[in-house]
Amino acid sequence: MSEEIYGMVASFKDTPSLYHAAEKVRDAGFKHWDTYSSFPIHGMPEAQGQARSKVPIFTFAGGLTGLTLGTTMVWYMNAFDYPLIVGGYPFFSPVFPFPVMYELTILLAAFGTLGGMFIMNLLPQHYNSLFNCAKFLEVSDNRLMIAIEAKDGQYDPIATKQFLESIGGFDIEEVKA
Amino acid sequence: MSSDTTNCSIDSAQQALLDKVAPATLKEQELVTNNRDFSWVTNKICKIVESNTPNWWWVCMTVALLTASFTLMGLIWLVSTGVGVWGLANPINWGWAIVNFVFWIGIGHAGTLISAILCLLKQGWRTSINRAAEAMTIFAVVCAGIFPLFHVGRVWFAWWLFPLPNANLIWPQFRSPLEWDVFAVSTYGTVSVLFWYMGMIPDLGILRDRAVQRLTAGIYEETSKLRASMARIADVFRKYFYGVLAMGWRNAGNHWRNYEMAYLLLAGLSTPLVLSVHTIVSFDFAVAVLPGWHTTIFPPYFVAGAIFSGFGMVLTLMLPLRALYGLHDLITQRHIDNMCKICLGTGSIVGYAYIMEFFIAWYGANPYESFAFINRAFGQYSWAYYIMFSCNVFTPQLFWFKSVRENASLVWIMSILINVGMWFERFVITVTSLANDFLPSSWGYYSPTIVDVFTFAGTFGLFSTLFLMFLRFLPLMPIGEIKFVMPQADPHGHHEDGKESH
C-alpha cells in the first residue's frame with residue numbers, strides 16, 4: 001500500500017503560464033486534474049474546461065423553501081391555528097407577512113448557497129494526499145501548481161512527467177496517496 | 001497573438017489623427033502600491049495573527065473589557081430591578097434603548113454594503129477593507145440586539161418573539177413591524193456571519209498551511225527555550241483551530257469556481273437584505289401614526305443614514321489599524337478617498353432628507369405634523385437637533401476637498417463626529433415625537449438615567465472587545481481577493497520575463 005501514488009504535481013512560474021498550461025492539460029484530454037493557486041484566476045474555469053458552477057441550484061432550492069415556509073407559517077399561526085383579530089386586518093394576506101416571507105427567503109437561500117459551495121467542493125474533507133507534498137503547502141504563499149491524479153485514465157508516470165515539462169512545469173514530483 | 005492586434009484596424013489617416021490628438025494615458029492608482037508581490041501580501045496579513053501580541057493590544061483589551069463591564073452592570077441592575085431604572089416615562093416609552101438599537105444596526109450596514117453591493121459593482125478597492133467591515137457588521141448587530149432584547153422587560157420571555165410554541169398557545173402577531181424586525185435583524189445577523197465565514201475559508205486555509213510548514217521545519221528562533229516551545233504550542237493550536245475552520249480547503253481551481261459563484265450569490269442576496277433591514281427598522285417608526293414618524297421618506301432616509309454612519313465607523317476603525325500595522329500599501333489614499341466620498345454622498349442624502357421632511361411638514365398642511373417639526377428645531381430638544389444637523393450635514397461637506405481627505409487625523413475626527421451626529425439623529429426622531437404628543441398635559445422632558453448611560457457606553461467596550469479578538473485570531477483582510485486585484489494575477493497580463501501574452 002505504501003507505494004500507492006495519488007498523482008503528479010508541477011509548478012508554474014506565473015499566472016499566465018498556469019493559465020496556458022491549464023488550457024493545454026484540458027486539450028490533452030485529462031479528466032482528473034486541477035489547478036492550485038491562493039487566489040481565484042479570472043477565466044480559469046473555462047481554461048480548465050469546467051462547466052458553470054451548480055451552486056445556484058442550491059440557492060434557488062433554499063430560497064424557495066424559505067418563501068414557502070414564511071408564507072405557510074404566517075398563514076398557519078395567524079389565520080388557521082389561532083386566528084388573531086388585530087385592527088380589523090384580514091387574518092391572512094400576502095401583503096403584511098411580506099417582510100417575514102422575504103427575510104426567510106434570503107436566510108434559507110444563503111444557507112443553501114454556503115451548503116451548496118461545500119457540497120460542490122466536497123468539503124469538509126478531513127484528509128487529502130496533496131497535503132503530504134511540502135511544495136503543495138507553498139501554494140498558500142505564491143506557488144502555482146497543476147496536479148494530475150493517478151486515477152486519470154491517461155496517467156503514466158513517465159509520459160505525464162514529460163507532458164508537464166513540455167507545458168512549462170517545473171519542480172515536478174509524484175505525491176504518495 | 002501579439003500586442004499590436006488593436007492597431008490593425010487603424011488606417012494611416014486615422015493614425016495621423018490619433019497622433020495629433022495625442023490621447024492621454026490615464027493611469028488608475030494601483031490598489032496595492034509599491035509593486036508588492038504575492039508573498040509580501042500573504043506575510044503582511046498572516047503576521048498580524050502570527051506575531052506576538054503587541055502591547056497596545058493588551059492595553060486596548062483591558063480598557064475595552066472594563067468598559068464592557070458597564071453594560072453587564074447596567075443589565076444586571078435592570079433585570080434585578082425592572083425597566084423602571086431606565087429613564088422611560090409615559091408617553092416616552094421608547095428612549096435610549098431604541099436609539100441605541102437603531103444606531104448600532106445602522107453602523108453594521110457599511111460592512112454589508114462593502115462586501116455585497118461593492119462586489120456586485122465590481123469595485124476592486126473593497127478587497128482590503130471588506131473583512132474588517134464585515135466583522136464590524138456582526139459585532140454591531142450583537143450590540144444592537146442587546147437593547148430590544150432587554151427592552152421587552154422580562155428578558156426570560158424574549159423567546160416569545162420567535163414563532164415557537166409556548167404554554168399560552170399564542171403565536172407572534174405578524175402584522176406588527178416589531179415582529180418584522182425580529183426576522184429582519186436575526187436574518188441579517190445570520191447571513192452576515194455566513195458571508196463573513198465563507199469569505200474567510202481560503203485565508204484560514206493559508207494560516208493552517210503556514211502553521212504546518214513551521215511545525216515541519218521545526219525552526220523556532222526565539223530568545224529562550226521556553227519561548228520557542230510556546231511558539232511551537234501556538235502553532236499546534238493554529239494547525240487544529242484553523243484546520244477545522246478551513247474545512248479542508250486546498251485552493252483548487254474547482255474550489256475557487258464554486259466559491260466565486262457562491263460569493264457572488266451571497267452578495268446578490270445580501271444586497272436586498274441590507275436595504276430591507278433598515279427599511280424594516282424604519283417601519284418601526286413609519287407604520288406608527290405619530291407626527292414626525294409617519295412619513296414615506298423614512299426607508300430610503302434610514303438606509304442612507306445607516307450607510308453614512310457605517311462608513312464613519314469603518315474609517316474610525318481602519319485609520320488607526322492602518323497606522324498600527326503599517327498597512328499603507330493595502331489601504332491606500334485611494335481607499336480613504338473613496339470612503340470619504342461615500343460619506344459625502346450619503347451625508348448629503350441625509351441632509352436632503354432633513355430638509356425635505358421640513359418641506360413636507362409645511363406642504364402637507366397638517367398642523368400636528370408641522371408642530372412636530374417646528375418643535376424639533378426650536379423646541380426643548382433643539383440642542384440635539386443642531387448637533388445632529390451640524391455633524392451630519394456640514395461635516396461631510398468638508399470631504400469635497402482633497403486636502404481634507406488626505407489628512408488622516410482630520411478624517412478620523414470627522415468620522416467620529418459623523419457617528420455622534422447619527423446617534424443624535426435617532427435620538428431626535430425617537431424622543432421629540434414622543435415627548436410632545438397629542439395631549440399637552442402629558443408632555444415632559446425625557447432624560448436618561450445613569451443605568452441608560454452605563455448600558456450604552458458599555459456596548460462600545462463590548463464592540464471593541466469583539467473587534468480586538470477578531471484582529472488577534474482571524475485574518476484581517478481577504479488575502480486571495482487582494483491578490484486577485486493585483487496585476488500579477490491577470491492571466492492575460494505580463495509574463496514575469498517581460499514577454500507579452502495575448
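The model is predicted: local features need pLDDT of at least 70, side-chain atom pairs count only at pLDDT 80 or more, and totals for chains, interfaces and linings use all residues. Residues are numbered from 1 along each chain as its sequence is written, while chains are lettered from A and ligands numbered from 1 in the order in which they are written.

**Chain A**

Chain A has six helices and four strands; helices (H or I, at least four residues) and strands (E, at least two) are DSSP runs numbered from the N terminus. Along the sequence they follow the pattern β-α-β-α-α-α-α-β-α-β. With a radius of gyration of 25 Å, well over the 16 Å that the globule rule gives for 177 residues, chain A is more spread out than a compact globule. That radius is taken over C-alpha atoms, and the rule is 2.2 Å times the number of residues to the power 0.38. The C-alpha trace of chain A spans about 80 × 35 × 30 Å along its principal axes.

The domain assignment, automatic or from a database, gives chain A domain 1 (5–38 + 141–176) and domain 2 (55–120). Their C-alpha centres lie 46 Å apart.

**Contact between the chains**

Two residues are in contact if their C-beta atoms, placed from the backbone, lie within 7 Å. The contact takes 62 residues from chain B and 62 residues from chain A. On the chain B side, the elements that give two or more residues are α2 (38–50), α6 (177–217), α8 and α16 (479–484). Of these, α8(B) gives the most, with 17 residues.

| Class, chain B side | Residues |
|---|---|
| Nonpolar (Ala, Val, Leu, Ile, Met, Phe, Trp, Tyr, Cys, Pro) | 31 residues |
| Polar (the others, Gly among them) | 21 residues |

**The largest nonpolar core**

A nonpolar core is a set of buried Ala, Val, Leu, Ile, Met, Phe, Trp, Tyr and Cys residues joined through C-beta atoms within 7 Å; buried means that 20 or more other C-beta atoms lie within 10 Å of the residue's own. The largest such core has 186 residues, and those with the most contacts inside it are A:I146, B:I105, B:M136, B:A140 and B:V314. Helix α8 (residues 253–286) of chain B gives the most to this core, with 17 residues. From chain A, the core draws at least three residues from each of domain 1 and domain 2.

Leaving out residues up to four places away in sequence, B:V314 touches B:A110, B:I129, B:A133, B:M136 and B:M339.

How values were computed: Buried ≥ 20, exposed ≤ 12 C-beta atoms within 10 Å, placed from the backbone.
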